[in-house]
Amino acid sequence: MTTTQDPGVVAAVLTPPVPVSRRRRVARALRLGYGWVVVAAGALFLVFTVTRRAATGRWHWSILLDSAPPVLLVLTPLLLAAAAAAACGRRRRWAVALAVAGLLPGVDQLGVYPAALLRDTRPVPAGAVHLFTWNTNYWGMSNKDPEAQFAFLRRQNADIYLLQEHVVWLPGSAEAGYFPVGDDDKLRAEFPGYHIARRSELVTISRFPIVAQPLFGPAARQPAGTPFAEVFARDKVLRTDLRIGERTISVYNVHVTVPTAIDLDFLHPQVDLDEYYRRKFTWRQEEVAAVTEDVRRNPNPSIVSGDFNATSAMGTLDGLRAVTRDASDEGTQVLPLSWRFDAPMNFSWDSPLAGLPLPFWRIDWTFTRGAVDVHRYRLVSAEQLSDHRPQDLWFSVR
């Protein structure tokens, strides 16, 4: 029995394959390797962001994971998804899937306020109170000009000023080198007619009478005669009750303990790092918990404002957020960022990036509770007098 072969099939079988050029083989290998690199990067970021989300506010080493700017929690997976386009085959699909999965844990922690796009700057009603909050960045450092800082504050013409880091610090002295500024007479001369309260590094300056300064939390446990460096370390909230018209309002001036020192040498640490971060974490949790509990129990309308050393992605503020309102909800800035904006070039550490303005973080916040109406809120320029942007707020008490 004979069969008839298709001439085209016979020709295809008999024709030797065309050799692939070396250039094409190298290009294919590179593209294959590139795809695996993108997949690996996506997998690593997914592990990081899931771990960070699960650990924040619960584990002391999460402080280091939380140092990532919240914008990168969204920007990084978006860049990885874009990079996946140059991969091929299954690696492209895996890379995109990993990038999307990596986006989900941080997408709600970016600190974005979309409603600000629809909100115009509204006129401030008559009788509204002007509050100005500012971390002055170690007021008493030798490279600072206090006269320029006083002039800057006077130009704000605020009714209430909340200042943090109004303190002398000796660079390189770590946690022991803090000393009081000792400028009470100067403060009274610069703000005649104002009422002034100060404790530790915190100064509250108010046109309204200060009727009480309740102590609570870690500060209330410090005995008389405690050295100033220890006072600075644990006295992180100054509550002043102000008489505004017929109402009493509580204003909390806050500076939560920094999660890690910028000048800490990880390669040659002078401290037990595990103990160091455990202590920092514990102090921070205690401070925020004390404010949260005091605000919750306080019958007065309240404003809590200052430098919380916590971003929108950190679990540190979860308890406080649950009992207060974020003043940024009434602001006009879609993505308010506050730290390293306007960083003065003479603010120098060992890091080559330390003196540069790197506007990636927001750690300065204002929260309200009770009969407080926020009319305007924004972060403004510090005019290179600090590495923090001040918070400018107008409010009324019902």
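**View 1. Tyrosine 252 is buried, at 0% relative accessible area.** Buried means under 20% relative accessible area, exposed over 50%, and partly exposed in between, with a 1.4 Å probe and protein chains only. This is a predicted model: local features need pLDDT of at least 70, side-chain atom pairs count only at pLDDT 80 or more, and totals for chains, interfaces and linings use all residues. Residues are numbered from 1 along each chain as its sequence is written, and side-chain values use heavy atoms, without hydrogens or water.

**View 2. Aromatic pairs: the count is 20.** Rings of Phe, Tyr and Trp (its six-membered ring) pair if their centres lie within 6.5 Å; planes under 30 degrees apart are stacked, over 60 edge-to-face, the rest tilted. Phenylalanine 216 and tyrosine 252 are edge-to-face, because their planes stand at 70°, with ring centres 6.0 Å apart. The pair links distant parts of the chain, 36 residues apart. Phenylalanine 216 lies in the loop between β7 (210-212) and α8 (228-234), tyrosine 252 in strand β9 (residues 247-255). Helices (H or I, at least four residues) and strands (E, at least two) are DSSP runs, numbered from the N terminus. Phenylalanine 216 also counts as buried, at 14% relative accessibility.

**View 3. Six residues form one aromatic cluster: Phe132, Trp134, Phe152, Tyr161, Phe191 and Tyr194.**

**View 4. Arginine 279 places its charged end over the ring of tryptophan 283.** The distance to the ring centre is 4.8 Å. A charge sits over a ring if NZ of Lys or CZ of Arg is within 6 Å of the ring centre and within 35 degrees of the ring normal.

**View 5. Arginine 362 lies over the face of tryptophan 365.** Here the distance to the ring centre is 3.9 Å.
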